[in-house]
Amino acid sequence: MKQIADIEKPEGKLGVLIPGLGGAVSTTFLAGVEAIRRGFALPIGSITQMGTIRLGKRFEYRIPHIKEFVPLTRLEDLSFGGWDIFPQNCYEAASQAGVLKEKHLEQVKSFLEKLRPWPAAFNQSFVKNLNGSHVKPQNSHLDLIEDIKADIDAFGRENSVSRFVMIWCGSTETYLKPAAVHASLRNFEEGLKNNDPEISPSMLYAYAALTSGIPYINGAPNLTVDIPAMEELAEKQGVTIAGKDFKTGQTLMKTILAPGLKARMLGLTGWYSTNLLGNRDGLVLDDEGSFKSKEESKLSALQTILQPDIYPELYGEFHHKVAITYYPPRGDKKEGWDAIDIFGWLGYPMQIKVDFLCRDSILAAPLVLDLVLFTDLAQRVGMTGIQEWLSFYFKNPQCAPNIYAEHDLFIQLMKLKNTLRYLLGEEQITHLGLDYYYAI
Ligand SMILES: NC(=O)c1ccc[n+]([C@@H]2O[C@H](COP(=O)([O-])OP(=O)(O)OC[C@H]3O[C@@H](n4cnc5c(N)ncnc54)[C@H](O)[C@@H]3O)[C@@H](O)[C@H]2O)c1
């Protein structure tokens with residue numbers, strides 16, 4: 001792995017490839033980046049653009065902005081392209097998604113209008129509730145991969161792109177259990193030849209990316225690169241992978257609150273979470289198979305943070321329920337409602353209610369930006385395979401097979417910043433602080 005002296009500078013254009021280009025998250029991200037580039041808005045929610053990092057001892061007061069400390073690609077150097085099953089340009093798609101107000105979309109209309117998705121590699125058996133016509137005619141896995149690669153090559157040439165990242169902002173695919181075809185690269189490549197039905201469209205995009213040396217970031221709970229075959233491929237190709245499922249509304253709150261309860265050794269008997277959601281993502285998740293993918297992803301955080309096996313008296317028997325209700329009147333303005341039953345001293349019960357009236361894509365867009373920039377950094381530095389230091393951004397972080405994932409938002413942030421300090425040759429911050437008081 002490279003450190004400060006030999007990190008390649010982010011020269012030239014970074015091509016950002018987005019399966020799901022016309023979706024709510026993608027178009028909110030794209031409109032936002034352009035508004036920020038043109039000085040209409042601030043990059044609120046983005047660590048790369050607004051975050052700082054403390055360096056050295058506290059009395060040194062060295063707290064630069066991350067983007068000044070770390071060699072990240074500038075927003076001006078990002079070019080965008082991608083695929084969708086609907087043919088609308090990104091202005092039409094963003095208007096339809098209804099996340100941003102018309103007056104904000106107008107400011108960036110000419111930019112969004114030029115972004116038209118390429119036909120998608122799509123198979124409706126993986127996303128039952130959507131049916132789009134803007135799809136590639138090929139049927140075989142290998143032909144679809146070739147066509148995805150041809151789109152990437154043409155885009156790279158037309159936009160003089162020097163390197164790429166791919167980030168999945170497409171729909172949540174139906175639940176897939178890891179199967180034999182996912183167990184090794186050899187099996188997977190055999191499966192591609194045989195059009196194996198357990199290879200999903202997102203895996204075709206990922207395979208096209210990784211075999212072209214392009215990092216892949218998984219914003220949905222789909223298995224995609226979270227299988228041994230893809231991990232093997234990423235290592236073989238020396239490419240970066242990260243996932244999975246953006247950590248935005250309810251799970252963000254969960255991974256803020258649960259570490260606090262545990263820090264104070266307060267017990268938990270139940271955590272009931274429900275979501276009212278009316279956007280296209282909500283429609284997709286109204287299908288049992290896609291919901292199952294999301295449910296698995298959402299359930300994983302509490303178990304790992306609270307460690308019931310280590311604290312059986314406090315967390316041995318808590319009941320955790322997650323529901324998503326598709327309710328069109330809400331559109332993208334989700335209501336994430338949590339009823340939390342806790343207990344304290346002598347077992348006395350208490351309750352916490354959280355009603356987060358959030359905006360799904362407003363929370364997701366800055367994550368897309370940070371993940372694109374940090375993944376590109378990781379690739380330039382030579383950090384290949386799974387990027388666990390980016391767990392901060394994911395509901396269900398991908399990690400090495402022999403360890404458990406870290407879900408606690410604050411540990412994740414420390415891990416992220418310590419990784420940046422490490423890469424830039426700065427001292428790790430342990431927060432011990434004794435040296436301010438004693439000669440040690
Ligand atoms: N918004 C959030 O807070 C959030 C949080 C975590 C994860 N996610 C995930 O991010 C993804 C995008 O969310 P969204 O709200 O933008 O959903 P969306 O439905 O608005 O957008 C998804 C887009 O993907 C397209 N698509 C589906 N299959 C495709 C394929 N095979 N190839 C190319 N395009 C395809 C759809 O046509 C749609 O335009 C979803 O998987 C969602 O679960 C979103």
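The model is a predicted one, and the protein in it contains 16 helices and eleven strands. Its radius of gyration is 22 Å, close to the 22 Å that the globule rule gives for 440 residues, so the protein is as compact as a globular protein of that length.

**Overall dimensions and contacts**
- Along the principal axes, the C-alpha atoms of the protein fill a box of roughly 65 × 50 × 50 Å, and 46% of the 440 residues count as buried.
- Among the contacts with a separation of 6 or more, 77% are accounted for by residues 24 or more positions apart.

**The seven-stranded sheet**
- Seven strands form an open sheet with parallel pairing, in the order β3-β2-β1-β4-β5-β6-β11.
- The edges are taken by β3 (118-119) and β11 (385-386), each of which has a single partner strand, so one side of each is left without a neighbour in the sheet.
- Within this sheet, β4 (residues 161-168) pairs with β5 (residues 216-218) in the parallel sense over three bridges, and Ile-167 stands opposite Ile-217 in β5.
- Helix α15 (residues 360-381) packs on the sheet, where it touches β1 (13-19), β4, β5 and β6 (240-242), and its direction makes about 130° with that of β4.

**Leu-299 and its surroundings**
- Leu-299 lies in helix α13 (residues 288-306) and is partly exposed, because 16 other C-beta atoms are within 10 Å.
- Leaving aside residues up to four places away in sequence, Leu-299 touches His-320 and Val-322.
- Ser-273 is 26 residues from Leu-299 in sequence, and the C-alpha to C-alpha distance between them is 10.0 Å.

Conventions
Residues numbered from 1 in each chain as written. Predicted model: local features only at pLDDT ≥ 70, side-chain atom pairs only at ≥ 80, totals over all residues. Helix = DSSP H or I, 4+ residues; strand = E, 2+ residues; numbered from the N terminus. Buried ≥ 20, exposed ≤ 12 C-beta atoms within 10 Å, placed from the backbone. Contact = placed C-beta atoms within 7 Å. Pairing = 2+ DSSP bridges. Axes fitted to C-alpha atoms, helices over the stretch in contact; angles between N-to-C directions. Rg over C-alpha atoms; globule rule 2.2 N^0.38 Å.
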